[in-house]
Every structure is written in C-alpha cells, then in structure tokens.
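Trainee: Before we look at the labels, I would like to know what stands behind them. Please take me through the terms one by one.

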Amino acid sequence: MTDPIADYLTRLRNAIKANHRVVEIPASNLKKEITKILFEQGYILNYKFIEGETPAGTIKIALKYDPVDRVNAIKDLKRVSRPGLRQYTGYKDMPRVLNGLGIAILSTSKGVMTNKKASDLKIGGEVLCYVY
C-alpha cells in the first residue's frame with residue numbers, strides 16, 4: 001500500500017456512505033493520532049485500539065450520526081498531501097477549511113495536530129487532510 005492515510009480516509013468515507021455504525025481500520029501510530037483528533041473535535045463518537053489481530057493492531061471507530069435525521073457528523077474527508085506531491089504550509093499561511101468551520105490535520109515537528117493548534121503554537125507542517 002503506497003498511501004495508508006488515503007486508505008484510512010477512504011474506509012471512513014465508505015462506511016459513512018453505507019451508513020455503518022462501526023468501521024475497523026488497520027492501525028499505525030499516525031492513524032491513531034488522526035483518530036484521537038477526530039474524537040477530540042467531535043467528528044466520531046468513540047474509538048478503540050485493538051492489539052493482536054495484526055502486527056500493528058486495529059482501530060475500531062464508532063461513527064457519529066444525528067439521532068433525528070441520521071446525518072453523519074463528517075460531511076467530507078479530503079486528502080491533501082500525498083506521496084507524489086507533498087503539501088507543506090507555514091503558520092502564516094495556514095489553510096482555513098470552510099472559513100473556519102472545518103479542520104485541517106497537520107503533521108508537525110511537535111506531533112499531529114489541527115490547523116488551529118498549529119497556528120497558536122506558530123509552527124507549520126505537512127497538511128495531511130481536511131475534515132468538515
């Protein structure tokens with residue numbers, strides 16, 4: 001697999017379109033950090049890291065739906081930086097997703113974080129994906 005982050009986002013996107021409650025994704029440290037950010041920002045209901053099935057383990061993610069009209073909290077997931085063309089940004093020209101309503105997930109020297117936290121710390125990095 002050449003792009004595991006794109007595979008992670010595609011599995012989430014497919015589970016949302018199929019109205020699944022839970023999705024299982026092969027784990028890595030970067031995917032675990034992205035999952036933690038999605039949980040902290042309120043895009044997913046819950047998550048669990050399961051060790052043992054594969055060498056790195058598995059991430060089980062419970063998707064968040066509106067109880068009234070069954071609309072998912074995640075409207076779209078877009079991969080920005082990819083193996084063929086890396087996208088980097090400084091803190092001065094940090095991307096704004098949906099005019100501040102969405103988040104951009106960045107990989108920085110201080111770890112994986114949102115665009116808002118990175119601009120507060122005045123550090124830039126590789127833009128992994130947009131979530132809104």
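Mentor: Buried means under 20% relative accessible area, exposed over 50%, and partly exposed in between, with a 1.4 Å probe and protein chains only. By that rule, 39% of the 132 residues of the protein count as buried. This is a predicted model, in which local features need pLDDT of at least 70, side-chain atom pairs count only at pLDDT 80 or more, and totals for chains, interfaces and linings use all residues. Residues are numbered from 1 along each chain as its sequence is written, and side-chain values use heavy atoms, leaving out hydrogens and water.

Trainee: Why does Asn19 count as partly exposed?

Mentor: Its relative accessibility is 42%, so Asn19 counts as partly exposed. Asn19 sits in the loop between α1 (4-17) and β1 (22-26); helices (H or I, at least four residues) and strands (E, at least two) are DSSP runs, numbered from the N terminus.

Trainee: What makes the phi of Asn19 worth a remark?

Mentor: Most residues other than glycine have a negative phi. Asn19 is not a glycine, yet has a positive phi of about 60°.

Trainee: Which loop holds Arg70, and why is Arg70 called partly exposed?

Mentor: Arg70 lies between β3 (58-63) and β4 (77-79). Its relative accessibility is 37%, so Arg70 is partly exposed. Arg70 also has a positive phi, about 55°.

Trainee: How do you know that the radius of gyration agrees with a compact globule?

Mentor: The globule rule is 2.2 Å times the number of residues to the power 0.38, and the radius is taken over C-alpha atoms. For 132 residues a compact globule would have a radius near 14 Å; the protein has 15 Å, which agrees.
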